[in-house]
Amino acid sequence: MDLPKRRFRLRHAVIGVAATLLLGVVALEVAGWPFLRQPIERAMTRATAVPSTLQGPFKLHLFWRPRLEVDHLNIGSDPRFEVPHLLDARQVVLAWRWGDVWRWRQGEPLRVHALQAETLDAHLLRTPDGQANWQLGDQSQSKEPDPDGFDLPRFGTLMVGRGKIDWRDAVQDVDLDIAVRGSEGEAVSQQGAGYEATVNGRYQAMAMKLAVKAGGTLPLLQDPDASAQAPWVPVRVEGTVASSRLLFDGEAAALLGTPRLRGALELKGPSLAAVGEPLGITLPTTPPFDLKGNLQHEGGQWRLQASRANIGSSRLAGDLLFDQTVSPARLSGEVNGSRLAFADLGPAVGADGAGDQPAQRQPEGRVLPQRKFDLPSLKAMDADVRMKFDELDFGTASMAPLRQLQTRLRLDGGVLRLESLQTVVAGGSLKGLTQLDANASPAKWEADLDFAGIDVAGWLRGLQKDSATEKPPAATATTALKRERNEARQGGDQPVQSYLTGALSGNVKVTGAGNSTAAILGSLNGPMQINLRDGTVSYLVTEAMGLDVAQALGVVISGDKPLPLRCARFDLVARNGVIEPRLAVADNADSTIWVTGPINLKDESLDLRVVTRPKDWSPLSLRTPITVGGTLGNPDVGIEAQGLVGRVLGALALGATVGPLAALIPLIEQGSKEGADPCNPTLAAAPARKP
């Protein structure tokens, strides 16, 4: 019996001791382990390898939600960084998880579950070699620092009442001064309550000057692993980012590091490219823009729903998602608008921009855009964006806008494609695709475009006689075209409304290589075909091109009439930037007009010859080939003097020897009979080009 009693007593004694210890631990946990202040200080100093002090009221909780509450916490900095301390904070609550501590001791980045402080003064410094004063502990036992990494301590939550943060990071190109001041106990619901901060300096290449207002404790940093538990706080951010003006009004759980925010955004600036470059987003160089919409960032994904995006004179909107969780980052969504102005795309395709420096301007006398493309930016991200615009305006009354333009922009591995490109043009259509491969050196470009049924007079309004005073809608251009065709067939006496009408069709399939628009066109290769059928041409223009004085004077007196245009065909081929016609002819009831000679896109020179062959009799004709030389920017139109001089000298000789009427004989044009279809490349015979 004695043995069982002893066992019973021993069991109860053990239970009593355990209960006493447990009660003691609970009591100490509730009391905050006050006697552990100095041991904790020594342990923190050993663990961080920098002096650490705890002053004022102290409470430590080791088991239930491990945390430290202390009136004054100071964590020093390695003397080689020449800053007074890493962190000096008052009224501090520092929370952690033991698993995070163990992983930190194994060499992983430090993760702090939460840091809340009424006042905080922090100095964060990293040198160009990747050494940082926040890399705490014995670095000889840890893994090598990642010079490209963003290895600040990870915070589940960082909230600051007031204070300042001095952040200098040579690796990430960060140089920020953040000053925070709180509400001094005012109720959040009262006007002016909450917290305010100013952010000045540079963040990842973006110059910043921001004023931040928060409805509660300012949420500066938030670990994405704990994002679901982060409270949302009303936030208003106003100021400048890069060269753009920013206003954000919404709510946020974190503003820096991995932002979590959502709200209304207004952004104005000189160019979209200046905004996109620091963020790693490939955006075109544009005129000044004014954007309004909603911005959201969650889990490494930015979403912009723009209700208004005025870029130059363009009026756009869109819904875009920029995903930074994949490599490379990816932009997707859609962009639409009522008006896209071609002039606003100019800088993106190499033309001059309003804010260009003199060194960036187009060389004098050159027409083709010389500005080099920003090819590296095409490799910074991928994209898949659908675009749809009611109108693409060329910015001139001489050319009708494109309607119902839509395409799919894809950027994949440095290859930019405009797929499924289609638009309505003056009653006709244009379809095809273009591609620019930035991986090649120089970049390779190709285009495959087909167009059909385009009313040339309705599209090229400069061909209309009243184009200088009126800009007719596209619907009336087709009506005018039909009316002039009928008048030409019926021999009507109504004056011509357009110098040229007809249905334009053709295709272009070309390639080029270069780092600018001019370089690509200067290396152009491939065929181009343009056809014009069922149209009319001005009688006066036809006679003027042939220098038929008598018939031209007759047209001036009686009025210009539209001539039925039998056909016009231009079969061109580009070889290394030089475009030459295999067949270039226009045929009407009065004459056949041939064009020969090259257009050199390398030096923008012209060497064209226009020959007119009449089909009718004329008593006073100075017909001789017309030459077009000079450059695209300064063409030089003249006449081929050899044939003209012979006719004039013959007329003068006969007039002097026989009589004045005999002087007309050399100027009489007999004309030629109607022959084979000159627009048929198998039957046509172009006049030989004189050397």
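**Entry: a nonpolar patch**

I began with the surface patch that L22, V26 and V30 make, which is nonpolar and covers about 280 Å². I noted how such a patch is put together: its residues have over 30% relative accessible area and no salt bridge, with like charges joined within 9 Å and nonpolar side chains (Val, Leu, Ile, Met, Phe, Trp, Tyr) within 5 Å. A salt bridge here is a side-chain nitrogen of Lys or Arg within 4 Å of a carboxyl oxygen of Asp or Glu. The areas come from the Shrake-Rupley method with a 1.4 Å probe, and for residues only the protein chains shown count as cover.

The model I am reading is predicted, so local features need pLDDT of at least 70 and side-chain atom pairs count only at pLDDT 80 or more, while totals for chains, interfaces and linings use all residues. Residues are numbered from 1 along each chain as its sequence is written, and side-chain values use heavy atoms, with hydrogens and water left out.

I then looked up V30 by itself and found it in helix α1, which spans residues 2–31. Helices (H or I, at least four residues) and strands (E, at least two) are DSSP runs, numbered from the N terminus. Why does V30 count as exposed? V30 counts as exposed because its relative accessibility is 58%, and the cut-offs are under 20% for buried, over 50% for exposed and partly exposed in between (1.4 Å probe, protein chains only).

**Entry: T48**

Next I turned to T48, which is placed in helix α2 (residues 37–48). T48 counts as buried because its relative accessibility is 9%.

Which backbone oxygens does the side chain of T48 reach? A polar atom of that side chain lies 2.7 Å from the backbone oxygen of M44, and the side chain also reaches the backbone oxygen of V50 at 3.1 Å. I wrote down the rule for such polar contacts: a pair of N or O atoms within 3.5 Å, where within protein one must be able to donate a hydrogen and the other to accept it, and where residues adjacent in sequence count only if both atoms are side-chain atoms.

When I left aside the neighbours within four places in sequence, T48 was in contact (heavy atoms within 4.5 Å) with W104, L136 and G137.

I followed the strands from β1 (residues 52–61), which pairs with β2 (residues 67–75) in the antiparallel sense over eight bridges. Two strands pair if DSSP finds at least two bridges between them. The bridge partner of F58 in β2 is V70, and the bridge partner of V70 in β3 is V92. Strand β3 covers residues 87–95, and its pairing with β2 is antiparallel, over eight bridges.

The hairpin of β1 and β2 has five residues between the strands, and in this hairpin R65 takes a positive phi near 50 degrees. I also looked at Q91, which is found in strand β3 and has a phi near 50 degrees, a positive value in a residue other than glycine. Q91 is exposed because its relative accessible area is 51%.

**Entry: strands β8, β9 and β10**

I found another antiparallel pairing between β8 (residues 174–181) and β9 (residues 195–203), over eight bridges, where the bridge partner of I178 in β9 is V199. Strand β9 is also joined by nine bridges to β10 (residues 206–214), and the two run antiparallel. The bridge partner of R202 in β10 is A207. The hairpin of β9 and β10 has two residues between the strands, and Q204 takes a positive phi near 50 degrees there.

Where are P328 and P442 found? P328 is in the loop between β17 (314–323) and β18 (329–341), and a cis peptide bond with omega of about -5 degrees joins S327 to P328. P442 is in the loop between β22 (428–437) and β23 (444–455), and the peptide bond from S441 to P442 is cis, with omega near 0 degrees.

I then checked N576, in the loop between β27 (562–575) and β28 (578–588), and noted a positive phi of about 50 degrees although N576 is not a glycine. N576 counts as partly exposed because its relative accessibility is 41%.

**Entry: the whole chain**

Of the 691 residues in the chain, 44% are buried. Among contacts with a separation of 6 or more, 53% are between residues 24 or more positions apart. The chain exposes about 35,100 Å², of which carbon and sulfur atoms supply 58%.
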